Amino acid sequence: MENVLRPLIVIGGSVLLTLVIGWATDRLLRKADERHRETPLWDLLRRGRIPYQLVLCAAMLRGSYDETQLLERHRAGIGQTLTLVLIGAAAWLVIRIAAAIVETTYTRYARVHRDPARVRRVRTQVTLIMRVVAAVVGVVAVAAMLLTFPAMRAAGASLLASAGILGIVAGVAAQSTLSNMFAGLQIAFGDMVRIGDTVVVDGEWGTVEEITLTFLTVRTWDERRITMPVSYFTSKPFENWSRGTPQMTGIVFWHVDHTAPVELMRERLRDILRECPAWDGRDYGLAVTDTTPNTMQVRALVTAKDADDIWTVRVTVREQMIRWLTDHHPYALPRVNTADAVVLPRGGSSSNGTAPRRAHETPRTGRG
């Protein structure tokens, strides 16, 4: 009977104690979250309750398993497994706690600072910092797991002796990956591009949606995702419309007839912009920028607070101006000027002073 009750008490007690401590901790974090609504720290810490309970359970079982006297032949293997679970759960818990602290710091910063550019920069840095922390904790956890095996400890000296050669080989083999990682750090702390920035890369316009240590994702206006290595942004030129201030100036072109009422078009542009909510009211203008034998080119300058609004202003101005010209000044629209064709006399050349006939004229026959 003792052989049955002892493992049941030890294992069941460890699990039950883990559940009780986990429940009590969760209740305390929930009450702290209700009292301090201004910070999301306590609610974020609750996300780590699963690794927290795993750490408690694995630690209690690892310390008390010998008392169960269960599966004596496999005691070493079971103890090794519990140690590995404890290390893995501890690493998981550390990552969750670090994420909660970093996310809380970012939230407080975003509440205090109203500059969207600075907030996006900090968001980019926070995201990459969390990825670095997760990678470092993961590597340390794996190393700690490997060191629990006696064979790995015995091979430590030989591994350290060959670390130089292995490092050179790994550096050459992973040259592209390492360059992308350093480029990701350069982007994060060099403020070149941030999450939420509007960029133009390879002729595609979109918004930066995700930045990692190795790649960057741009969401285009038509909901496509372009994934590019971060080294692209450190080695090639690209347009960042959110750099500095997001305010933008847009251009709208029309090709109209030479008789188009430019001054009335200027007044109509003013009226269109006053009725357009996307126009920020900073500036506007209209001028003739070029001419051809058949048309003249008219350019309008408009302003808006960001890239999305400048697109709205441009299409609105273009559409309403064309509609206004069509309804009130149709003569101002481009026309193809045509003339009667000139036919040379039968003699071949008009150099003798004889006037040429037009194509629609009928030659005289001498009668009448």
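Twelve helices and ten strands: the secondary structure of this chain comes to 12 helices and 10 strands. Keep in mind that this is a predicted model.

Some totals. The chain has 368 residues, and 32% of them count as buried. Its accessible surface comes to about 22,900 Å². Carbon and sulfur atoms hold 60% of that surface. Now contacts. Take those between residues at least 6 apart in sequence: 64% join residues at least 24 apart.

On to helix H11. It runs over residues 262-274, which is 13 residues. From its first C-alpha to its last, H11 reaches 19 Å. At 1.5 Å a residue, 18 Å is expected, so the two values are close.

Which residues of H11 are buried? Val262, Met265, Leu269, Ile272 and Leu273. Why do they sit on the same side of H11? Because they cover an arc of only 90° around the axis.

And what covers them? The cover includes three strands: S6 at 248-256, S7 at 279-291 and S8 at 296-304. Helix H12, residues 307-328, is also part of the cover.

Let me zoom in on Leu273. This residue is in helix H11. Leu273 has 1% relative accessibility, so it counts as buried. The cut-off is under 20%. Set aside neighbours within four places in sequence. Leu273 is then in contact with Trp279, Tyr284, Val302, Val313 and Val317. Look at Val317 in particular. Leu273 and Val317 are 44 residues apart along the chain. Their C-alpha atoms are separated by 7.4 Å.

Is Thr316 buried or exposed? Buried, because its relative accessible area is 18% and the limit is under 20%. Not counting residues up to four places away in sequence, Thr316 touches Ile272 and Cys276.

Last stop, the surface. Ile11, Val15 and Leu19 make a nonpolar patch there. The patch is about 220 Å². Val15 is found in helix H1, residues 2-35.

To recap two points. The buried residues of H11 share a side of the helix, and strands S6, S7 and S8 plus helix H12 are among what covers them. Val15 belongs to a nonpolar surface patch with Ile11 and Leu19.

Technical notes. Residues numbered from 1 in each chain as written. Predicted model: local features only at pLDDT ≥ 70, side-chain atom pairs only at ≥ 80, totals over all residues. Heavy atoms only, no water. Helix = DSSP H or I, 4+ residues; strand = E, 2+ residues; numbered from the N terminus. Buried < 20%, exposed > 50% of the residue type's maximum accessible area, 1.4 Å probe, protein only. Arc of directions from axis to C-beta. Contact = heavy atoms within 4.5 Å. Patch = residues over 30% accessible without salt bridge, like charges linked within 9 Å, V, L, I, M, F, W, Y side chains within 5 Å. Areas by Shrake-Rupley, 256 points an atom, 1.4 Å probe, with all protein chains shown as cover. Salt bridge = Lys/Arg side-chain N within 4 Å of Asp/Glu carboxyl O.
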